Amino acid sequence: MFRVVFLVCVFAGIGLGVLSCTFFLWAWWIGAPPSLVLWVVILAYLGLAVVLNRSFKAVMPQSNGSRYGILFSLLCVYVGWLALSQYWAHWHGDWDALAIWNLHARLLYRSGGQWLQTFSRHIYDGHQDYPLLLPSLVASGWTLHGAESTAIPGILSFVFTFLVVALLTSSVGLLSGPVQGFAAGLILLGTPTFILQGMNQMADIPLGFFILLTVVLLRLSERSPQNKGVLVLAGVSAGFACWTKNEGLLFLVCLFASVLCRGRDRKQSCGLPDARMLGCGVLPVLAIVLSFKFILSPPNDLFTGTHDLVGRWMDSSRYAEISAYFYQGIVAFGAGRISPFIAAADYIICFGRRRSKSGNAAELWMPLLLTLMLAGYFMIYVGSPHDLQWHLSTSFSRLLLHLWPTFLFWIACATENNSTSLAE
Amino acid sequence: MRVLPISSPSQDNPLGLLYIARCFALVAIIAAALSNIYELKFLTKTVSATTDRELDDYLKRLDQLRKLLPPAQRVGYVSDLPAAEISANPEQFRKYCLTQYALIPVLVRPWTDENLIVGSFSGPAAAERAMKEFTVIRDLGRGVLLLHKRTE
C-alpha cells in the first residue's frame, strides 16, 4: 500500500509541475492554451508515468501491511473534513492568495494571449516576480473546467496539503517501517498551522511538498546508486520548488551545497556525480524560471534597495531581533496545545537513534540542508528593506512550514531501526 | 506482522525501562497529535464566513463594472483617502487590492490621472466630495462608482 501511495504522490507532484510549465510556456509563446492541449498533456504524462514507474521498482523497498493503516486513513478523512470546513468558511483564501496568487491566475486566464502586455506593465504592488507554478495551475484548472471558480484553488490547496501528508507517511513507511511512517504522518496531521495554511490557497505548502519530494528522492537514490533516474527526478522536483516560490531558489543553492558535501560511501569523497545528475533534472525547469525572472518579471522587492543592504547587514540589533523572533516563532509553532516539536522529540525517544556503521558526511546532508535554509531565511530577514517586525510576523510561520515536513522526514531517517535500515 | 517497531524488553533492556519509556513516547505522540487535531476543530470554527460573503458582494459589484470596461485598459482609482495615503492604511489598501483582483486584466492604478476612474467609497459623504471632481458614469451601489474626470 505504501508503494502505491508513494508513487501516486511522486507522479501527481511532478505531473502538476509539468502541467503548470506547459500552460505557462504555451501562454507565453503561443497564447491562451485550449483545454484540448492540456488534456493531451495530461494523457501523455500519464503514459510516461507508467513507463517511469518501472524504473522505480528497482529502488523501492518492499512495504509491509499494517493494521494501523485503516485508523490512520480514518484520521486523515476527519482532518480532511476539517480542512474542507476551513475552505467553506473562507473560500477566497488568505490575503496573499487574493492579492498575489489568484490575482496572477486571473491575469493568465482572463487575458488569453494578451497577458504579457498587462504583466509587463506595472500592477501596483502585484509581486509580478513571484514564480507562476500555482497561478498557472489554477489557470489550467479553470481552462479545463471551462470557467473561473473559487473551487479550483481550493481543490489544489487540498490536494497539495494531503499530498505532503501522504508523501511523508508513505516514504517513511517504506524506508523505516509502517509504524514510523504513521507516527510521522500523525505529527504532521497534528500541526494545526500546516492544515490551516494548507487551505489558505498560498504557495507555501506546495513549496514544502517539492522540498520534501526532492529530499525523499535523494534519500531513495542512496538505495540504488546505479539508478540515475531517481536523481534526475529529484532535480526536476527541485526545479519545481524554484517555479513555486522565490524561496525555492535558495533551496536549490542549499541543496547543491548539501549534495556536494554528501559522500555516498567511502569510495566517493564528494557528491559531484550526484550533483551532476541532479543538475540534469533541474536544468529544464530552471531555464523556465530564469527566463521568467530575466525576461518577464520586475526585480524582487527585497532586493530593490541594495545600496542600503550592507548597512542592514552590519546592524547588529537586527540580528538580535530576528534571533529572538526565530526563538519565539519556533516555540509557538503549530498553533496547537502541544508543540509539534515535543511530538518530534517523543518520536526520537520512541524509535531510538539509528545505529549507523558509516558515521560519515553522508549522514549529515539533510540537517545541513535544513540548517542552510534556516540560515538563508535569517539573512534574508537581516537584509529586508521592510519593517522587520511586520516582515517577520507576516511570514516566519509560513517559512517554517516549508521545512517542517522535511524536518520530520530527517528525524524519521535518523531513527530508522536496524531491521529496515537503508544503510544495512 | 510486526506490531511495534520498538524492541522487546528482553532484547533491549533487561529491566524493560527503555521499552516502557518508548511505549510512553509513542502514547505521547498519539496524544499530542489527537489533542492538536481537536484544537484544529475549534480553529477552523473561528473562521467566519461573513468576511468572505462581504467580499463576494463587493467582488460581484466590481464584476459588473469589469463587463463595462474593455480589457487591457488602465483605470484610475479614488477612495476615501488621498492616493498617497492608501498604501499606509491597511483597510483602504485591502480594498484597492480587491478592486485590482476583481478587475484584472484591467489595470487599476491608485491615482486619478486616467480617463476612467473607479471610485470605492465607504460612505456617502466621501462619495459626494468626489462628485465635485468627477462625473458619475455608473453607480453600482454601496459606494462603488465608475467615474470620469470632469474637465473645466
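Rings of Phe, Tyr and Trp (its six-membered ring) pair if their centres lie within 6.5 Å, with planes under 30 degrees apart called stacked, over 60 edge-to-face and the rest tilted.

**Ground rules.** I am looking at a predicted model, where local features need pLDDT of at least 70, side-chain atom pairs count only at pLDDT 80 or more, and totals for chains, interfaces and linings use all residues. I number residues from 1 along each chain as its sequence is written, letter chains from A and number ligands from 1 in the order in which they are written, and take side-chain values from heavy atoms, leaving out hydrogens and water.

For my own reference, helices (H or I, at least four residues) and strands (E, at least two) are DSSP runs, numbered from the N terminus.

Buried or exposed, I wondered, is Phe326(A)? Phe326(A) is buried, its relative accessible area being 10%; Tyr381(A) is buried as well, at 2%. The cut-offs are under 20% for buried, over 50% for exposed and partly exposed in between (1.4 Å probe, protein chains only).

I also noted that Phe326(A) and Tyr381(A) sit in one aromatic cluster with Tyr319(A), Tyr325(A), Phe378(A) and Phe396(A).

**A charge over a ring.** I found the charged end of Arg106(A) over the ring of Tyr101(B), 3.9 Å from the ring centre. This label asks for NZ of Lys or CZ of Arg within 6 Å of the ring centre and within 35 degrees of the ring normal.

**A strand in chain B.** Next I turned to strand E3 (residues 116-120) of chain B, where 5 of the 5 residues are buried, so the strand is largely enclosed by the rest of the structure. On one side I see Leu116(B), Val118(B) and Ser120(B), on the other Ile117(B) and Gly119(B), all buried.

Val118(B) faces Tyr77(B) and has Leu146(B) as its bridge partner in E5(B).

Note on methods
Two strands pair if DSSP finds at least two bridges between them.
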